[in-house]
Amino acid sequence: VDFEYCMRLRARGFRVIQIGSAFLRQRLGDLVPRRFLHRRVAVMRHPPVRVYYRFRNRLVVSGRYMTRFPRWSILEFRRTVNELVKIICFEQQKMEKCRMAFRGIADFMLHRFGMYRDRRHRSGVYR
């Protein structure tokens with residue numbers, strides 16, 4: 001959300017100024033440190049539906065700003081791939097989270113936006 005807002009401002013000609021002493025407290029998920037090949041890796045434990053939104057929305061924002069901010073979009077794609085690798089290597093509920101990540105990618109490609117709808121239930125119940 002923060003990145004998208006800043007890019008929208010920049011695309012409309014505004015300057016975004018960063019103030020190093022300012023901070024915003026956010027809870028990004030349960031950050032769990034892990035070790036991989038003698039390196040520390042930060043793994044964020046999100047519920048599966050949050051994984052869906054992270055993957056789908058990253059693609060939406062990257063696609064929207066690809067021509068205006070190509071370097072950022074490429075880095076965001078790499079972060080998305082890294083997140084999938086971390087899910088596979090370190091997360092609990094690997095299959096469910098991978099399924100939700102790929103569902104987010106599919107919904108982006110099919111232009112399905114809005115709230116996540118579990119299509120396994122015919123009643124149209126939202127999760």
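This is a predicted model: local features need pLDDT of at least 70, side-chain atom pairs count only at pLDDT 80 or more; totals for chains, interfaces and linings use all residues.
1. Numbering runs from 1 along each chain as its sequence is written, and side-chain values use heavy atoms, with hydrogens and water left out.

2. Those residues belong to the largest nonpolar core, whose six members are Val-51, Phe-55, Leu-84, Ile-87, Cys-98 and Ala-101. A core here is a set of buried Ala, Val, Leu, Ile, Met, Phe, Trp, Tyr and Cys residues joined through side-chain atoms within 4.5 Å; buried means under 20% relative accessible area, exposed over 50%, and partly exposed in between (1.4 Å probe, protein chains only). Helices H2 (48–65), H3 (70–90) and H4 (94–109) each give two or more residues to this core (helices are DSSP runs of H or I, at least four residues, numbered from the N terminus).

3. Apart from that core lies another, of five residues, including Met-7, Val-61, Tyr-65 and Phe-69.

4. On the cysteines, the structure holds zero disulfides (a disulfide being a pair of cysteine sulfur atoms within 2.5 Å). For Cys-98, the nearest cysteine sulfur is that of Cys-89, 9.8 Å away. Cys-98 counts as buried at 13% relative accessibility, while Cys-6 is partly exposed at 29% relative accessible area.

5. Helix H3 also holds Val-81, which is partly exposed, with a relative accessible area of 40%.
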